[in-house]
Amino acid sequence: MITASDLQIELAHCHCRESHYQHWLGIRYTEGVKTLAEKGECFWLLNAIASYQRVRLIKCNPNLQEFQLWLLTVNDDHSAVLACYEDSPSTCSPVITQDIPFTDFVLPEIKLYAEYGVVLLPSEH
């Protein structure tokens, strides 16, 4: 497993959002998200975000059709919370929250954006 600092170094090189990959649940994702999923061994995170795209809360909200901020926060006990926001967490409450009982994800937090069906890193925004 990669260390947190090595993963941050890998992700720091991700700025291009031109290459897209198709997820089996229908969303697309960028090269940076592919790097995150492969190096961070967290395809489950991408699967979770993709699976929520079909729920009523997202499908019936025009704002969330355009933009979503996904925030994964890992606790000291290796549990985590995955939350989806319409905007910044400082300006609104999460629309979706999922408790994750255990994760070995190496970063204490990761933010991903979903714009018009494409998941990307903030550096690729």
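These legends walk through several views of one predicted model.

Because it is a predicted model, local features need pLDDT of at least 70 and side-chain atom pairs count only at pLDDT 80 or more, while totals for chains, interfaces and linings use all residues. Residues are numbered from 1 along each chain as its sequence is written, and side-chain values use heavy atoms, with hydrogens and water left out.

**View 1. The whole protein.** Let's start with the overall picture. The protein has five helices and seven strands; here helices (H or I, at least four residues) and strands (E, at least two) are DSSP runs, numbered from the N terminus. Follow the chain and you get the pattern α-β-β-α-α-α-α-β-β-β-β-β. The C-alpha trace spans about 40 × 35 × 30 Å along its principal axes. For 125 residues, a compact globule would have a radius of gyration near 14 Å, and the protein agrees with its 14 Å. That radius is taken over C-alpha atoms, and the globule rule is 2.2 Å times the number of residues to the power 0.38.

**View 2. Surface and contacts.** The accessible surface comes to about 6900 Å², and 51% of that belongs to carbon and sulfur atoms; the areas come from the Shrake-Rupley method with a 1.4 Å probe, and for residues only the protein chains shown count as cover. Of the 125 residues, 42% count as buried, where buried means under 20% relative accessible area, exposed over 50%, and partly exposed in between (1.4 Å probe, protein chains only). Among contacts with a separation of 6 or more, 54% come from residues 24 or more positions apart, a contact being heavy atoms within 4.5 Å.

**View 3. The open sheet.** Seven strands line up in the order S1-S2-S7-S6-S3-S4-S5, with mixed pairing; two strands pair if DSSP finds at least two bridges between them. Strand S1 (20–22) and strand S5 (96–100) are the edges, and each pairs on one side only. From one strand to the next, the twist averages 20 degrees. Axes are lines fitted to C-alpha atoms, for helices over the stretch in contact, and angles run from 0 to 180 degrees between N-to-C directions.

View 4. S1 and strand S2 (residues 28–30) pair in the antiparallel sense over three bridges. Look for His 20, whose bridge partner in S2 is Thr 30.

**View 5. Strand S4 and its two partners.** Strand S4 (residues 80–85) is mostly covered, with five of its six residues buried. Six antiparallel bridges join S4 to strand S3 (residues 67–74), and Leu 71 has Ala 83 in S4 as its bridge partner. Five residues sit between the strands in the S3 and S4 hairpin, where His 78 takes a positive phi near 70 degrees. S4 also runs antiparallel to S5, joined by five bridges; there, Ala 80 stands opposite Ile 100.

**View 6. Thr 35 and the cysteines.** Thr 35 lies in helix H2 (residues 31–39) and counts as buried at 12% relative accessibility. Leaving aside neighbours within four places in sequence, Thr 35 touches Glu 10, Leu 11, Cys 14 and Gly 40. Cys 14 is buried too, with a relative accessible area of 9%. The structure holds zero disulfides, a disulfide being a pair of cysteine sulfur atoms within 2.5 Å. For Cys 60, the nearest cysteine sulfur is that of Cys 84, 14 Å away. Cys 60 counts as exposed, at 53% relative accessibility.
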